[in-house]
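Biologist: I am new to this structure. Please take one part and walk me through it closely.

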Amino acid sequence: LTHLDCHSNQLANLDISKNTVLTNLYCYDNKLTSLDVSQNTALTNLDCGYNSLTSLDVTKNTALDTLRLQYSQVEILDLSNNSNLVDLWCYKTHLTNLDLRGAIALVNLQCQWNEKLTSLNVNNNTALTQLNCNSNQLASLDVSHNADLIELFCNNNKLTSLDISNNTALTELSCGDNQFTTLDVSNNTALTSLLCTSNEQLTSLDL
């Protein structure tokens with residue numbers, strides 16, 4: 001078995017310990033509270049969102065390209081061995097820390113609606129083109145190393161400033177509901193969409 005799609009059932013347990021050549025696993029929208037993928041070292045795609053997982057260990061899954069665990073109760077995610085990860089969806093979880101230093105190939109990061117996430121470091125993720133970190137508790141966000149970024153969504157955080165001078169490829173910026181006093185988009189000549197609503201201390205905007 002290389003491909004298993006068992007999503008949207010009532011599964012409380014899933015034993016895939018003997019399926020060592022499994023590359024694609026879609027088990028989202030079930031009743032899982034745990035999932036052991038330590039024997040599935042060939043996995044490239046794992047979608048286990050919409051379950052009740054409190055933890056997920058993917059340190060043995062070094063071939064992972066896509067990981068989706070949205071709407072789970074996972075608090076810690078160790079991606080130090082996942083250098084091939086391109087697509088990560090971890091929104092609406094209980095994450096308190098997201099260490100992305102090992103995910104050097106990451107292109108798409110969806111980590112919005114994590115109410116306990118107070119910091120986010122994407123300095124090592126220089127391949128990022130899409131970043132959605134809406135509705136977290138971020139007080140700062142450094143995207144100076146993400147020159148390939150095309151879409152940035154950082155609404156509803158606690159940001160007081162945002163330096164996007166190095167992000168000249170940006171076409172879409174959404175940064176509403178923060179605490180900006182200034183917003184400099186003079187270097188972002190590729191912008192086609194800008195949303196900066198409800199920054200009540202923003203008194204001027206040069207377009």
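Modeller: Start with a side-chain pair. In this predicted model, the side chains of asparagine 45 and threonine 66 make a polar contact of 3.2 Å. Asparagine 45 belongs to strand E3. Its relative accessibility is 19%, so asparagine 45 counts as buried; the cut-off for buried is under 20%. Leaving aside neighbours within four places in sequence, asparagine 45 is in contact with Thr23, Asn24, Leu25, Tyr26, Leu64, Asp65 and Thr66.

Next, the loop. Threonine 59 sits between strand E3 (45–47) and strand E4 (66–68). Threonine 59 counts as buried because its relative accessibility is 18%. Its side chain makes a polar contact of 2.6 Å with the side chain of aspartate 57. Not counting residues up to four places away in sequence, threonine 59 touches Asp78 and Asn81.

One pairing shows the detail. Strand E10 (residues 151–153) and strand E11 (residues 172–174) run parallel, joined by 3 bridges. There, glutamate 151 stands opposite glutamate 172 in E11.

Terms used:
Residues are numbered from 1 along each chain as its sequence is written. This is a predicted model: local features need pLDDT of at least 70, side-chain atom pairs count only at pLDDT 80 or more; totals for chains, interfaces and linings use all residues. Side-chain values use heavy atoms; hydrogens and water are left out. Helices (H or I, at least four residues) and strands (E, at least two) are DSSP runs, numbered from the N terminus. Buried means under 20% relative accessible area, exposed over 50%, partly exposed in between (1.4 Å probe, protein chains only). A polar contact is a pair of N or O atoms within 3.5 Å; within protein, one must be able to donate a hydrogen and the other to accept it, and residues adjacent in sequence count only if both atoms are side-chain atoms. Contact means heavy atoms within 4.5 Å. Two strands pair if DSSP finds at least two bridges between them.
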